[in-house]
Every structure is written in C-alpha cells, then in structure tokens.
Amino acid sequence: MFNFFKKNNNVIEVKSPFVGTCFNVDKIPDEVFASNMMGEGIGFSSKDGILYSPVDGEIIQVFPTKHAVVMKSTEGLEILLHIGIDTVGMKGEGFEAFVKAGDKVKAGDKLISFDLKLVNEKAKSDLSPMVITNKEIIEDIEFNYGDIDTSSVIAKIKIKK
C-alpha cells in the first residue's frame, strides 16, 4: 500500500492543464462530460485563457475549431482536453493553437490560447473538462481538487500492468 505512488508501480502524475481551479467533473454543465460517459474526467476553470499539456506525450488531434485537443501520454493514456462547453459553435474565433497532430510535447507546454471574455459571451460555459478516454487501462485514479497552476499534480493514475 505504501509503495502505491512510486514511479516504478505504473503511476502517472498528471499536471494541471490550466491555471485556475479544478473540481469534480459533475459540475461541468454538459451531461456527456459530467457523467463520465466518455471516460474518467475532471473539471477546470481557467484564469489565464491558456491550455497547457498535462503530461509528456504526443498530440493526436487538434480540432479544426481549436476548442479541443486529443493527446496520448508516453505511458499510453489517451486524453481529451476540451475548452469550455459548446465552444465548437465559435468556429475557432478567439482560439490560437500552438501545436498540431504529431507534435511531441512536455507537461507544461502551451497548447492553445483562448479569449476567456469571448468564450463567456458566445459559449454555454467557460468550464473545461479533461477526460481520460481509454479508462480500461486505469487500475486506480486519485484526483486533487482546488486552486491549481501548471506545476500542480491534479491526478495520480495507476495503469494496469
């Protein structure tokens, strides 16, 4: 039990993809995310309008509207990072991507910037979910909630061997 979080036990520390606050995903105003239908998730409120990489890995997809990114960690976690709710309808307005599919990234790298004021005006919500979409490889997950920055560990995930 005491060795659970040692690196050699297949535990991945996931850093915060936002500067702001993180909370239980059930507070996201979208049933698909709030119910963990797409995978294990956590919610965020951003203070600076920047999405950062939460892990070392590779960018799989940047949505054409730049409101979401799919990436894969070096350990195999598939992560969907979604900015706001119903932001797809903004058609990329107010978003700037700094990465593209195939790019290798490190935890803390800047992925996308977005205009928080514009998101609040044009989208349903500025609350943003992060979802582990291949939850079948997760043995255990521990989320940490509260005020966060890019150095904050918001999840410790033990993957199946």
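**Asking about the labels**

Guide: Let's start with Lys27 and Asp26, whose side chains meet in a salt bridge at 3.9 Å, N to O. Keep in mind that this is a predicted model.

Visitor: What makes the contact of Lys27 and Asp26 a salt bridge?
Guide: The rule asks for a side-chain nitrogen of Lys or Arg within 4 Å of a carboxyl oxygen of Asp or Glu. Lys27 and Asp26 come to 3.9 Å, N to O, so the pair counts as a salt bridge. Side chains of opposite charge can pair when their charged atoms come close.

Visitor: What makes Lys122 partly exposed?
Guide: Its relative accessibility is 45%, which lies between the 20% and 50% cut-offs, so Lys122 counts as partly exposed. Glu93, with 36%, is partly exposed by that rule too.

Visitor: How do you know that Lys100 and Asp103 form a salt bridge?
Guide: Their side chains meet at 3.1 Å, N to O. The cut-off is within 4 Å, so this pair qualifies. Lys100 has 54% relative accessibility, and over 50% means exposed, so that is its label.

Visitor: Let's turn to the rings. Why is the pair of Phe95 and Phe114 called stacked?
Guide: A pair of aromatic rings is described by the distance of the centres and the angle of the planes. To pair, the centres must lie within 6.5 Å, and planes under 30 degrees apart count as stacked. By this rule the count comes to 4 aromatic pairs. For Phe95 and Phe114 the centres are 6.3 Å apart and the planes stand at 25 degrees, so the pair is stacked.

Visitor: Where in the chain are Phe95 and Phe114?
Guide: Phe95 is in strand 8 (residues 95-97) and Phe114 is in strand 10 (residues 110-114), so to speak two distant parts of the chain, 19 residues apart. Both Phe95 and Phe114 are buried. Phe18, Phe44, Phe95 and Phe114 form one aromatic cluster.

Visitor: Which strands form the open sheet, and in what order?
Guide: There are 3 strands, in the order 4-10-8, with antiparallel pairing.

Visitor: What makes strand 4 and strand 8 edge strands?
Guide: Strand 4 (50-52) and strand 8 each have a single partner strand, so one side of each is left without a neighbour in the sheet. From one strand to the next, the twist averages 15 degrees.

Visitor: How do you know that strand 4 and strand 10 pair?
Guide: Pairing needs at least two bridges. Strand 4 and strand 10 are joined by 3 bridges, so they pair, and they run antiparallel. Leu51 stands opposite Ile112 in strand 10.

Visitor: Which residues make the nonpolar surface patch?
Guide: Val32, Met37 and Met38 make it, and its area is about 260 Å². Met37 is found in the loop between helix 1 (31-34) and strand 3 (40-46). At 57% relative accessibility Met37 is over the 50% cut-off, so it counts as exposed.

Visitor: Last one: why is Asn134 called buried?
Guide: Buried means under 20%. Asn134 has a relative accessible area of 5%, so it is buried. Its place is the loop between strand 11 (128-132) and strand 12 (138-143).

Notes: Residues are numbered from 1 along each chain as its sequence is written. This is a predicted model: local features need pLDDT of at least 70, side-chain atom pairs count only at pLDDT 80 or more; totals for chains, interfaces and linings use all residues. Side-chain values use heavy atoms; hydrogens and water are left out. Rings of Phe, Tyr and Trp (its six-membered ring) pair if their centres lie within 6.5 Å; planes under 30 degrees apart count as stacked, over 60 as edge-to-face and the rest as tilted. Helices (H or I, at least four residues) and strands (E, at least two) are DSSP runs, numbered from the N terminus. Buried means under 20% relative accessible area, exposed over 50%, partly exposed in between (1.4 Å probe, protein chains only). Patches are made of residues with over 30% relative accessible area and no salt bridge: like charges are joined within 9 Å, nonpolar side chains (Val, Leu, Ile, Met, Phe, Trp, Tyr) within 5 Å. Accessible areas come from the Shrake-Rupley method with a 1.4 Å probe; for residues, only the protein chains shown count as cover. Axes are lines fitted to C-alpha atoms, for helices over the stretch in contact, and angles run from 0 to 180 degrees between N-to-C directions.
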